[in-house]
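Welcome, and please open your viewer. Let's take a short walk through a protein together, one selection at a time.

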Amino acid sequence: GGLCRSFEKDGFTFDLGGHILFSRDREILNLELSLLEGKLNKLHRSAACWFKNRFVKYPFENGLAALDKEDAYECLLHFVSNTQRPQHNFEDWIYNTFGKGLAQLYLLPYNEKIWKTEPSKMDFQWVERIPRPPLEDIVKSALGIETEGYVHQLHFYYPKEGGFETLPKTLEKNINGRILKDFSVERISKTGSGWIVSNSSAERRYKKLICAMPIFNLIKCLPDVPTEVKHAGDNLAYNSLSVVLIGLNRPRKHQIVSCFFPQPDIIFHRLVFHDYFGKNYAPDGCSSMVCEITSKYGDEIWTMPEEKIIA
């Protein structure tokens, strides 16, 4: 999609955000690996959460031994003897799945930070994306026995050069350029056998459409949209992502690919270190990182000048 963009400057290559190649869907993963065969590095996920001035292994529940003993005890106790509450929202689901210790120390502040919404005001239909740790892993984690969470992304792939944008560029090349670009979609209408996509100067006909454009734009392109649908679209809340791309003239002391920050007083929620992806992503003796920052329409970060965000 629109975030599969890479930028090069002064010997550094950055992505618009942090992306890696992995998938639980073997068919999709095999397609991607075949497209980039011989052009990928296979890497081990080494990620952390920054908590009380220390690195805690990611996912947070797999690094409990790094916590103060009182915090580790709270996480273990409430995971093992978790009292279930009526489940009406995302906050309820976090408490019911992870217990009070993990919820209050990390999961609630981090999710409120990235979604810019109180978890109690969010639905939980999408939570199948969040793996549930087994009890055995939590106990081992608290005792300092090595465990791994989110194992489907423990090993991942990344292009040897060119950044993540190498994937869509290679896809385009392999389907013989049959991608129409620079076509402004202004109207979408149904016909007897398919669809017409058009603008003021041209139109295209298709049997099927898959919409990946923002729903606000889609509604404006469709004819005869009911008033209640327009109203619902106008009132949808959404977040935006700002990224700051930083090249450093020194190597890093740690070797991690990304780090997560639940603290509300730190503007970014994640750092991704692109020099981890391979030798072609930063000049010799240098390192790099991408800072990801979410905002909601009209909030302090949304209206903040770029210079201030960078500072």
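Start by selecting Tyr106 and Tyr110. They are four residues apart in helix 3 (residues 90–115), so about one helical turn separates them. Keep in mind as you look around that this is a predicted model.

Now show the side chains of this pair. How are the two rings of Tyr106 and Tyr110 arranged? They form a stacked aromatic pair, with 5.5 Å from centre to centre and 5° between the planes. Are these residues buried or exposed? Both Tyr106 and Tyr110 are buried.

Across the whole structure, a search finds 20 aromatic pairs.

The charged end of Lys190 sits over the ring of Trp195, 5.2 Å from the ring's centre.

Time to zoom out and show the whole chain as a cartoon. You can look for eight helices and 13 strands. The C-alpha atoms fill a box of roughly 65 × 55 × 45 Å along the principal axes. The protein has 311 residues, and 41% of them count as buried.

Finally, colour the charged residues. There are 39 positive and 39 negative charges, and their mean positions lie 4 Å apart.

Note on methods: Residues are numbered from 1 along each chain as its sequence is written. This is a predicted model: local features need pLDDT of at least 70, side-chain atom pairs count only at pLDDT 80 or more; totals for chains, interfaces and linings use all residues. Side-chain values use heavy atoms; hydrogens and water are left out. Helices (H or I, at least four residues) and strands (E, at least two) are DSSP runs, numbered from the N terminus. Buried means under 20% relative accessible area, exposed over 50%, partly exposed in between (1.4 Å probe, protein chains only). Lys and Arg count as positive and Asp and Glu as negative; His and the chain ends are not counted. The place of a charge is taken as NZ of Lys, CZ of Arg, CG of Asp or CD of Glu. Rings of Phe, Tyr and Trp (its six-membered ring) pair if their centres lie within 6.5 Å; planes under 30 degrees apart count as stacked, over 60 as edge-to-face and the rest as tilted. A charge sits over a ring if NZ of Lys or CZ of Arg is within 6 Å of the ring centre and within 35 degrees of the ring normal.
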